[in-house]
Amino acid sequence: MAKLTREDVLKLARLARLKLSDEEIDEYSTELTSILQYVEQLQAVDVSGLEPTNQVTGLTNVTRDDVVKDYGYAPAELLKNLPDQQDSQIKVKRMLG
Amino acid sequence: MGGQWLPIADIAAAVQAGKLKAVDLVEQSLKTIADKQEYQAIIITLDDAARARAKDIDSRIAKGERVGRLSGVPFIAKDNFLVFGADTTAASNILKGFVAPYQATAIEKLEAEGAICVAKANLDAFAHGASTENSDFFTTKNPYDKTRVPGGSSGGSAAAVALDLAPFALGTDTGGSIRQPSSFSGTVGYKPTYGLVSRSGVVAMGSSLDVIGPIAQTVEDAALVLDVMAGKDELDGTTIDRQTDYTDLSGDLKGKKIGIIKEHMADGLQPEVRTVVEAAVDKLKAAGAEIKEISVPSVDMALAVYYIICPAEVSSNLGRYDGQRFGFSDHDAQSLDDSYMSSRGIGFGKEAKRRIMIGTYVLSSGYYDAYYKKAQLVRSKIIKELHEAFEQVDFLLGPVSPTTAFKIGENADPLQMYLQDVYSVAANMAGNPAISLPAGQSNGLPVGIQIMAPQRADKELLAVGKQVEAVLV
């Protein structure tokens with residue numbers, strides 16, 4: 001049975017880019033463990049002869065022509081939601097130490 | 001409760017004929033929202049935009065123009081629908097202040113027929129939950145008892161319809177989020193076949209499961225709204241062709257083969273809910289429906305499958321909230337990586353983080369086969385069994401949720417909360433349409449029944465829904 005330690009939770013949080021407080025790490029190690037133990041009932045299910053389901057309505061390879069379509073949105077409107085910008089570009093914090 | 005609004009088709013006809021004014025309908029809706037504010041069903045009202053649209057519709061009608069099948073009908077959208085120029089938060093702190101630069105196809109289609117969006121409704125943040133208690137802002141109160149939840153995640157939408165804030169509302173349903181709040185709040189909730197309604201412009205949760213649909217006072221109203229929204233959309237590659245006219249609800253209950261899912265009537269079902277469901281079944285029998293018990297053994301596994309597939313898809317879909325392009329950003333962060341970590345750490349609520357981490361775990365190397373792939377395989381098994389059941393009966397019936405509306409704070413344990421969806425997730429697993437209908441009350445609280453149909457049988461399901469509604473009311 002899965003049991004998530006504090007270290008496991010920290011590793012997951014790191015992979016998912018989530019900063020957690022100490023209390024959250026404790027809380028999640030208990031809660032995530034009980035959720036994983038609940039879903040582990042699936043291990044006993046016989047699935048021989050079955051294929052995994054990825055899509056339920058039978059659509060395959062839905063494509064469209066690779067052309068630019070003008071929906072009439074003004075770039076300034078689309079940029080309004082940026083937390084930080086400069087010269088109509090997304091501004092982010094430094095990437096290298 | 002309810003009944004302040006005429007049937008939607010009648011409202012639209014009266015507006016088109018000049019007997020009712022769209023501006024008055026919008027004022028009526030806004031006033032009711034203000035009067036019922038204590039229930040906290042609404043996150044934001046769109047007063048100016050709604051009034052302007054109403055004025056425009058009235059003047060077009062005065063000039064003799066035909067506006068559409070929803071002329072002047074006010075409606076409320078769950079706050080995970082993008083509505084042009086309006087705040088769209090999905091009830092999350094990370095999207096607080098986000099203003100939609102474009103809008104959902106569903107909203108476009110409703111507006112094209114003359115409907116007017118007056119407000120955005122509360123939900124569990126990112127639609128993760130069954131009570132609205134996971135909203136990062138506030139909890140909506142049940143219209144029948146203010147100490148209880150309205151259900152969720154579309155709890156604000158269901159409460160809005162029950163409180164007469166508008167004739168209909170839009171919800172989204174990934175595991176039961178239209179049907180369970182409808183059951184708790186005494187409304188009609190419709191989850192269409194997967195892909196029948198475009199999800200373009202709706203905040204994504206579990207993309208192989210998510211559908212959008214109407215919450216309304218009657219099946220007829222829900223069918224009209226669905227009919228307007230249904231069909232293929234080039235902006236959503238998962239949409240399917242519409243099959244037919246969904247407003248043709250003719251037919252008779254006599255001779256309809258309805259299966260009662262044995263596993264959904266077993267232990268775990270609250271006795272009060274069982275009593276209402278059994279009484280409803282008796283009435284259907286008396287009306288000539290052919291009722292038989294049917295076993296779908298693997299539906300008992302549906303919730304476990306759901307809590308692997310859904311978090312996996314959530315962890316992927318919520319990757320876009322990175323604090324850089326839109327939404328909350330921690331400006332104190334020193335590096336880009338810090339900014340990702342703290343913007344997401346602060347911006348996401350508890351349940352979003354929980355699901356992101358579960359999803360990350362079940363998709364990570366070493367665990368993928370044991371969890372995610374196994375869940376996909378059991379999903380296939382459930383679909384196969386449902387398919388076999390639909391070879392014997394036309395519809396499957398059972399409770400929507402194991403309980404009536406619970407007290408605010410009562411289900412503090414996340415796993416306990418997840419069990420709310422135990423009967424509703426199977427329809428999402430298989431992409432089948434399902435409806436929640438008011439079936440009666442227990443201790444003054446509404447109880448809903450669920451009817452499920454095969455994929456693409458939306459018209460048949462709505463028709464039988466109307467017949468069942470007539471027998472139960």
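Is B:Ser442 buried, exposed or partly exposed, and how many C-beta neighbours lie inside 10 Å? With 17 such neighbours, B:Ser442 counts as partly exposed; a residue is buried if 20 or more other C-beta atoms lie within 10 Å of its own, exposed if 12 or fewer, and partly exposed in between, with C-beta atoms placed from the backbone.

The structure is a predicted model, in which local features need pLDDT of at least 70, side-chain atom pairs count only at pLDDT 80 or more, and totals for chains, interfaces and linings use all residues. Residues are numbered from 1 along each chain as its sequence is written, and chains are lettered from A and ligands numbered from 1 in the order in which they are written.

B:Ser442 belongs to strand 10 of chain B, residues 434–442. Helices (H or I, at least four residues) and strands (E, at least two) are DSSP runs, numbered from the N terminus. Apart from neighbours within four places in sequence, B:Ser442 is in contact with B:Glu272, B:Val273, B:Thr275, B:Val276, B:Thr404 and B:Val447. Two residues are in contact if their C-beta atoms, placed from the backbone, lie within 7 Å. B:Pro271 is 171 residues from B:Ser442 in sequence, and their C-alpha atoms are 10.0 Å apart in space.

The contact between the chains takes 45 residues from chain A and 57 residues from chain B. On the side of chain A that touches chain B, the elements that give two or more residues are helix 1 (6–15), helix 2 (22–39) and helix 3 (75–79) of chain A. Helix 2 of chain A gives the most, with seven residues. By class, this side of chain A has 27 nonpolar, eight polar and 10 charged residues. Ala, Val, Leu, Ile, Met, Phe, Trp, Tyr, Cys and Pro count as nonpolar, Asp, Glu, Lys and Arg as charged, and the others, Gly among them, as polar.

Helix 2 of chain A has 18 residues and should span 26 Å at 1.5 Å a residue, which agrees with the 26 Å between its end C-alpha atoms. The expected span is 1.5 Å times one less than the number of residues. A:Tyr28, A:Leu32, A:Ile35, A:Leu36 and A:Val39 are the buried residues of helix 2 of chain A. An α-helix has 3.6 residues a turn, so residues three or four places apart point the same way. The cover over these buried residues of helix 2 of chain A includes helix 1 of chain A together with helix 9 (302–317), helix 11 (350–363), helix 12 (369–392) and helix 13 (414–418) of chain B.

Helix 1 and helix 2 of chain A pack at an angle of about 100°, with their axes 9 Å apart. Axes are lines fitted to C-alpha atoms, for helices over the stretch in contact, and angles run from 0 to 180 degrees between N-to-C directions. The two helices are therefore roughly perpendicular to each other; angles under 35 degrees count as roughly parallel, over 145 as roughly antiparallel, 65 to 115 as roughly perpendicular and the rest as oblique. A:Arg6, A:Val9 and A:Leu10 of helix 1 of chain A meet A:Ile25, A:Asp26, A:Tyr28, A:Ser29 and A:Leu32 of helix 2 of chain A in this contact. Its residues are five nonpolar, one polar and two charged.

In chain B, the axes of helix 7 (residues 219–229) and helix 15 (residues 458–472) come within 9 Å and cross at roughly 165°. That makes helix 7 of chain B roughly antiparallel to helix 15 of chain B. Helix 7 of chain B contributes B:Val219, B:Glu220 and B:Ala223 to the contact, and helix 15 of chain B contributes B:Leu462, B:Gly465, B:Lys466 and B:Glu469.

B:Lys381, in helix 12 of chain B, counts as buried with 22 C-beta neighbours inside 10 Å. Leaving aside neighbours within four places in sequence, B:Lys381 is in contact with A:Val45, A:Val47, A:Leu50 and B:Ser298.

Most residues other than glycine have a negative phi, and most peptide bonds are trans. B:Gln40, not a glycine, has a positive phi of about 55°; B:Gln40 lies in the loop between helix 2 (22–35) and strand 1 (42–45) of chain B. B:Asp164, also not a glycine, has a positive phi of about 65°. A cis peptide bond, with omega about 5°, joins B:Gly152 and B:Ser153.
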